[in-house]
Amino acid sequence: MTENNNGFKRRNFIKILGLAGGFVTLGGAAGAGLATGKNKDSYTGFGRTEYGEDQFFNRNPFVVDKPTYEKVGTPRRISYVENLFKRNGEMYRLLYPRNKEDVPWSFEQGVETLPEPLKSFYTEHPGALSEFKKSMEKGKEQRSNWHQYENKFLLADAWSNAHASPLHGKGSFPHAPEESPEISDFQGVKDVKLTFKSNRHASDLIKKIAYSFGASLVGIARIKEEWVNQGYMRGVGKTDFEVPEHWKYAIVIAVPHEWDSLYANPTYGTSYDAYSKLRFFAGKLEVFIKEIGYPARSHVPPTSYELTLPPVAIDAGLGEQGRHTVLITPELGANTRLAAVTTNMPLEPDKPIDIGINDFCSKCKICAEECSGGAISFDNKPEKVIRGYKRWHIDEDKCFTVWNSVATSHARGCRVCLAVCPYSRKNNWIHNIAREVDPRDPSGLFSTALLAMQKKFFKYHGGQEYLPPPDGTNETFNDAPGWLKTEEWFDI
Ligand code: SF4
Ligand code: SF4
């Protein structure tokens, strides 16, 4: 063995392997089951049995009083135009107006001719407009090249489009609110006279119900104003608004993507498998809460939110934010997708946890190295101050250009950063040990050992390779599962 890519020397590696071996033996003796990783149950989180007591990560030792994100200024709410998908939606409507009388806007007209708030946003972020233009060009190029890939990715595409089908149009579920929260959140609320024995009872029941609907992880947070979006409210439209009084708590639910497809990102993955599940689970939870007498509104992907969910999920004790800015949970790693239901049901909130993600991400940087768009920060620490909090930074415009570049007929996109993240591993025995030992190791040696093994034993391709030719080779992080390979089922 010579030096690996990171100049990691053989002597150090063996020393650390020895240490890791010690931890592994200890952890193994403590009872980690080899069979766990082979069980389909390990694909999802906890709460599978009737009383939800088979959670396989004990958060209690890591519960902290304050979340691990760092407040450094005066926080403010995110405006809808700062949200990539809302902003791009506005731009699409200007470029391709639905109303035949409207004259389309074009890039040649320049930023000065854009309506507010787009004009102010792009004046302050000139790189964002050029990146959006590039993403449009890449999307056009990709659509004209799609015929080269449509047979190869036929099954992956059909699978993704099937998942996407309940998300759009009139028949979508949950139905989009058609009124303000003060009206729509109360529509269908039953007149129930019973009161809960305690907030703890209410929280336990609502978690049990969410698990029964299919959620993998459930946490409860008190709503902080700064996590509520600004400038757009479903059912009302573009408007500034106060946080509705009855939005006291957010019940946050998480599910993973199908694991084998996740590992085969970008071209065999989709966001819609997790998105469509979340819509059903959160939508059903909204109905259940109304049935027992409380107002509720579900906030669901891809864009039907009035909350910025990762920090709410951190407050709810589900996990911490990684360098790629996605939530990392002990059970699912970065393979964690989120939805929430807001309500004034009397709940007992959970506490945040600290499992050392910031320290691990400071050393790791795999997602930044593997990102085709150079969108993920290489900073050593979460240094960027965004709306009053220090955090890792992602250039979402560059990310969106990659989403528009990869081989797909629809918005299947990238997700390579989720796939390559060392935390995104199935619940097998070695990963069970890793996540139990690393957060308890104050020396940081165990995480250094884990990282060295990760980089040694997993194959990383480098960002560019995930793009289609001529920029890359349509590479995937892992080989695609057989059931998504068109050539295994069709003559092509
Ligand atoms: S989804 Fe892809 S392009 Fe976007 S940040 Fe992650 S790796 Fe980069
Ligand atoms: S890949 Fe590494 S740096 Fe990126 S989020 Fe995961 S652990 Fe952190």
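β1 pairs with strand β11 (residues 389-391) in the antiparallel sense over 2 bridges; two strands count as paired if DSSP finds at least two bridges between them. Strands (E, at least two residues) and helices (H or I, at least four) are DSSP runs, numbered from the N terminus. Lys71 has Tyr389 in β11 as its bridge partner. The pair belongs to an open sheet of 3 strands in the order β1-β11-β10, with antiparallel pairing. Because β1 (70-71) and β10 (384-386) stand at the edges with a single partner strand each, one side of each is left without a neighbour in the sheet.

This is a predicted model, in which local features need pLDDT of at least 70 and side-chain atom pairs count only at pLDDT 80 or more, while totals for chains, interfaces and linings use all residues. Residues are numbered from 1 along each chain as its sequence is written, and chains are lettered from A and ligands numbered from 1 in the order in which they are written.

Another antiparallel pairing joins β2 to strand β5 (residues 249-255) through 6 bridges. Within it, Ile220 has Ile251 in β5 as its bridge partner. Strand β2 (residues 217-222) is mostly covered, with 5 of its 6 residues buried (20 or more other C-beta atoms within 10 Å of the residue's own, C-beta atoms being placed from the backbone).

Next come two helices. Helix α7 (residues 199-213) packs against helix α9 (residues 272-291) at an angle of about 140°, with their axes 9 Å apart; axes are lines fitted to C-alpha atoms over the stretch in contact, and angles run from 0 to 180 degrees between N-to-C directions.

The ligands remain. A residue is near a ligand if its C-beta atom, placed from the backbone, lies within 6 Å of it. Of the 13 residues around ligand 1, Cys371, Cys399, Val402, Cys414 and Cys417 come nearest. Helices α13 (396-405) and α14 (416-420) each supply at least two residues of that shell.

Ligand 2 is surrounded by 14 residues, the closest being Gly322, Cys361, Cys364, Cys367 and Cys421. Here α11 (357-364) and α12 (366-370) each supply at least two residues of the shell, and α11 gives the most, with 3 residues.

Key
A residue is buried if 20 or more other C-beta atoms lie within 10 Å of its own, exposed if 12 or fewer, and partly exposed in between; C-beta atoms are placed from the backbone.
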